[in-house]
Amino acid sequence: MAAVASLCLNMAAHDRYIAIATDHVSLIYRVGDNGRLYQSYLGPRLTHESDYAGLPGGIEAYLTHGMEDYFEPALHVEHPDGNHSTELKYVSHQVSAAADGSTCTAITLADDQYPTTVRLLLNAYAAQDVIVAHTEIVNADKRPVTLHKYASSLLSMNRSRYFLTEYSGDWASEVNMSESELQFGKKVLDTKLGSRASMFMPSFFQLSLDGHSSETQGDVLVGTLAWTGNYRFTFEVDQNGLLRLISGINPYFSAYQLKAGETFTTPDFIFTYSTQGRGQASRNLHSWARQYRLKNGSGDRMTLLNNWEATFFDFDEQKLVGLMDDAVRLGVDMFLLDDGWFGNKYPRSSDHQGLGDWQETASKLPHKVGYLCEQAAKKGIKFGIWIEPEMVNPKSELYEKHKDWVIHLPNRKEYYFRNQMVLDLSNPQVQDHVFGVVDRLMTAYPQIAFFKWDCNSPITNIFSPYLKDKQSHLYVDYVRGLYKVLERIRAKYPDLPMMLCSGGGGRIDYEALRYFTEFWPSDNTDPVERLYIQYGFSSVYPAKAQCAHVTTWNKEASIKFRVDVASMGKLGFDIKCSDLKDDEIKFCREAIGNYNRLKPVILDGDMYRLVSPYEGNHASTMMVSGGKDRAVVFAFDVNPRYREHLLPVKLQGLDSNRQYRVAEINRIGGWPLGCDGKTYSGEYLMTVGLPLFGTTRLTSHVLELVAM
Ligand code: DGJ
């Protein structure tokens with residue numbers, strides 16, 4: 001990170017403090033008499049430096065293996081003489097203004113027995129109350145060292161109770177939220193899946209401190225690791241009730257050798273701390289992501305029609321052009337061609353073959369992708385295309401030619417996940433191949449306006465033909481290889497929007513999202529399930545990044561219900577017009593028009609989760625524009641009960657002193673809500689609320705609020 005101004009400080013080896021601060025949060029380190037670095041405080045902002053001296057001593061800031069602390073270390077280095085211990089002492093620290101506007105504090109620690117240096121880097125984003133932490137481990141020895149553990153961050157907290165929310169699931173059932181209280185000992189959230197790393201759990205959590213938190217109340221820390229591979233969060237409560245939280249790459253089968261002079265840079269651990277509950281924590285991260293991390297975070301997003309659910313592998317040119325007409329009829333911006341367009345020796349007519357052979361199937365697309373681009377252009381829409389470039393079917397020409405590029409165990413029977421295997425991205429030739437998939441398509445068809453990048457398999461058959469005797473580097477070098485490819489794509493095609501997909505939501509993190517404008521949260525597009533899935537991901541990711549498509553899943557739910565749910569994210573369709581009646585198509589067109597008008601509020605506004613689907617029968621979310629002059633409210637009756645006691649929904653985030661005119665939009669038949677066309681003060685809307693819920697199953701309402 002380039003520094004524009006910096007201040008370098010060397011402290012005397014008696015108690016001194018290093019404070020990292022955002023507008024409302026302080027993280028304070030102390031250099032002890034023994035020269036070691038301790039974390040004394042993490043919590044609401046402390047503004048008086050004179051108070052620091054009263055803070056508790058704290059535990060070591062970056063705990064090392066082999067010393068006197070009995071709990072899980074952040075760092076474990078094996079030195080060339082076989083000694084596994086490291087003792088880190090404060091050397092200096094530097095505070096600088098980073099190029100992105102954040103304030104970077106770099107603390108250098110070193111071992112005085114071994115030439116191992118550690119730099120703790122903490123970037124503070126003041127307005128968003130976000131801190132991004134990572135570590136650089138430098139081997140200044142003339143011989144290699146082995147890193148057995150190399151965390152991005154260690155944070156400690158001394159609170160009365162700790163409640164951890166995790167997000168577990170599987171394909172089509174992502175991010176199910178559950179909360180448990182942490183007790184003495186360890187709770188580990190991790191993955192060992194490699195490429196499809198988040199299939200069972202994405203790399204984020206919420207941690208409520210002192211008691212349970214709600215959307216609007218309580219101290220809560222929300223954290224996430226920006227690493228597109230195996231991660232591990234270790235929550236360890238010690239004998240004194242202190243919680244240590246270690247975040248980083250999962251060290252499982254990942255001992256990493258650092259050559260003489262080499263530096264190991266860990267991924268970012270990104271966290272925010274809110275004293276006003278979970279809603280504020282999420283808004284902090286959403287705003288930070290749009291401003292600093294998500295690719296084209298401040299830019300627009302295209303609505304689209306995808307052919308996957310409409311055709312699966314069964315299509316030809318004519319069908320696709322027909323679907324483009326549907327896209328035009330609905331009024332979306334783009335047609336997205338999904339899986340099944342490639343392979344000739346082994347045409348991709350199912351997921352059993354063809355993956356890796358990125359030439360158009362002549363029988364399906366005799367005039368190739370170029371013709372589809374032309375047709376889309378003629379119809380006034382953009383054209384996007386699906387790829388899964390990191391993978392290969394054993395039944396493919398690529399596999400026949402380049403078995404050496406495939407991660408596989410040389411002496412064992414292969415096993416397959418979705419009939420495919422993973423290419424060895426630690427190998428630079430494979431990186432060239434993967435980059436070439438995008439580059440060749442873009443060179444041949446520069447009109448391609450969008451990529452959907454899929455990744456349907458975890459790393460299986462774990463052995464890299466390229467890494468030879470460094471097999472334990474595979475999980476790390478795979479991800480680094482992927483980043484090299486993505487960096488090349490971003491450099492050559494900086495404005496190309498791309499969707500990150502992994503058999504649904506199997507791979508999502510804030511490092512990948514530097515290169516992707518959006519992600520596919522789940523293959524489950526049942527709108528009821530999506531209420532939960534979108535809610536779960538919204539803990540950390542903004543609506544702008546979450547693709548939400550209208551499909552034929554859950555036919556019990558009206559088209560309005562399905563469109564209303566999808567309109568809370570980046571709206572798309574995966575449906576044929578022939579699945580819809582004329583009035584439904586007309587409704588979709590109007591709803592897309594409303595969505596386009598309201599995109600600045602829905603995608604860039606502040607999100608308030610008003611009623612959680614987990615509470616039972618209803619759900620409601622609203623988005624408010626930065627200036628509080630416009631808002632959109634979504635309300636859903638999911639499973640209401642007979643004679644249920646219905647309460648008004650209290651809105652949030654408005655200006656109490658302004659008057660808002662309410663209009664119900666996205667209507668199809670029936671009567672509007674009583675509030676339609678009326679004007680209320682922000683105070684009334686937030687204190688008394690509006691009766692948005694009813695007793696009819698699968699009913700939904702969307703309100704547009706405009707300040708007068
Ligand atoms: C999994 C994705 O999640 C789907 O949307 C679709 O693209 C299929 N892969 C295609 O194989």
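**Figure 1. Polar contacts of Ser213 with Arg278 and Ser208.** In this predicted model, the side chain of Ser213 makes a polar contact of 2.9 Å with the side chain of Arg278. A polar contact of 2.7 Å joins the side chain of Ser213 to that of Ser208. Ser213 sits in the loop that runs between strand E16 (204-209) and strand E17 (219-226). Ser213 counts as buried because its relative accessibility is 12%, under the 20% limit. Apart from residues up to four places away in sequence, Ser213 touches Ser208, Gly218, Asp219, Val220 and Arg278.

**Figure 2. Surroundings of Pro251.** Pro251 is placed in the loop between strand E19 (242-249) and strand E20 (256-258). With a relative accessibility of 17%, Pro251 counts as buried. When residues up to four places away in sequence are not counted, Pro251 touches His148, Lys149 and Arg232. Arg232 is 19 residues from Pro251 in sequence, and their C-alpha atoms are 7.8 Å apart in space.

**Figure 3. Residues around the ligand.** The ligand is surrounded by 13 residues, and the closest are Asp338, Asp339, Lys452, Asp454 and Asp523. By class, this shell consists of 6 charged, 4 nonpolar and 3 polar residues. A polar side-chain atom of Asp454 lies 2.7 Å from a ligand nitrogen atom. Lys452 places a polar side-chain atom 2.8 Å from an oxygen atom of the ligand. On its own the ligand has 300 Å² of accessible area, of which the protein covers 98%.

**Figure 4. Helix H8 and its N-terminal cap.** Helix H8 comprises residues 527-537 and is largely enclosed by the rest of the structure, because 9 of its 11 residues are buried. The buried residues are Pro527, Val528, Arg530, Leu531, Ile533, Gln534, Tyr535, Gly536 and Phe537. Asp526 caps the N-terminal end of H8, with a side-chain oxygen 2.8 Å from the backbone nitrogen of Val528.

**Figure 5. Helix H9.** How many of the residues of helix H9 (residues 559-566) are buried? The count is 8 of 8, and the helix is mostly covered. The buried residues of H9 are Ile559, Lys560, Phe561, Arg562, Val563, Asp564, Val565 and Ala566.

**Figure 6. His701 and its contacts.** His701 belongs to strand E38 (residues 699-707). At 12% relative accessibility, His701 counts as buried. The side chain of His701 makes a polar contact of 2.7 Å with the side chain of Glu664. Neighbours within four places in sequence aside, His701 is in contact with Lys560, Asp564, Val633, Phe634, Ala635, Glu664, Leu673 and Leu692. Of these, Lys560 and Asp564 are among the buried residues of helix H9.

**Figure 7. Domain 1 and domain 2.** The protein is divided into domain 1 (2-293) and domain 2 (607-707). Taken over C-alpha atoms, the centres of the two domains are separated by 39 Å. Domain 1 gives 11 residues to the contact and domain 2 gives 5 residues.

How values were computed
Residues numbered from 1 in each chain as written. Predicted model: local features only at pLDDT ≥ 70, side-chain atom pairs only at ≥ 80, totals over all residues. Heavy atoms only, no water. Near = heavy atom within 4 Å. Polar contact = N/O pair within 3.5 Å; in protein donor to acceptor, adjacent residues only side chain to side chain. Areas by Shrake-Rupley, 256 points an atom, 1.4 Å probe, with all protein chains shown as cover. Nonpolar A, V, L, I, M, F, W, Y, C, P; charged D, E, K, R; others polar. Helix = DSSP H or I, 4+ residues; strand = E, 2+ residues; numbered from the N terminus. Buried < 20%, exposed > 50% of the residue type's maximum accessible area, 1.4 Å probe, protein only. Contact = heavy atoms within 4.5 Å. Domains from an automatic or database assignment.
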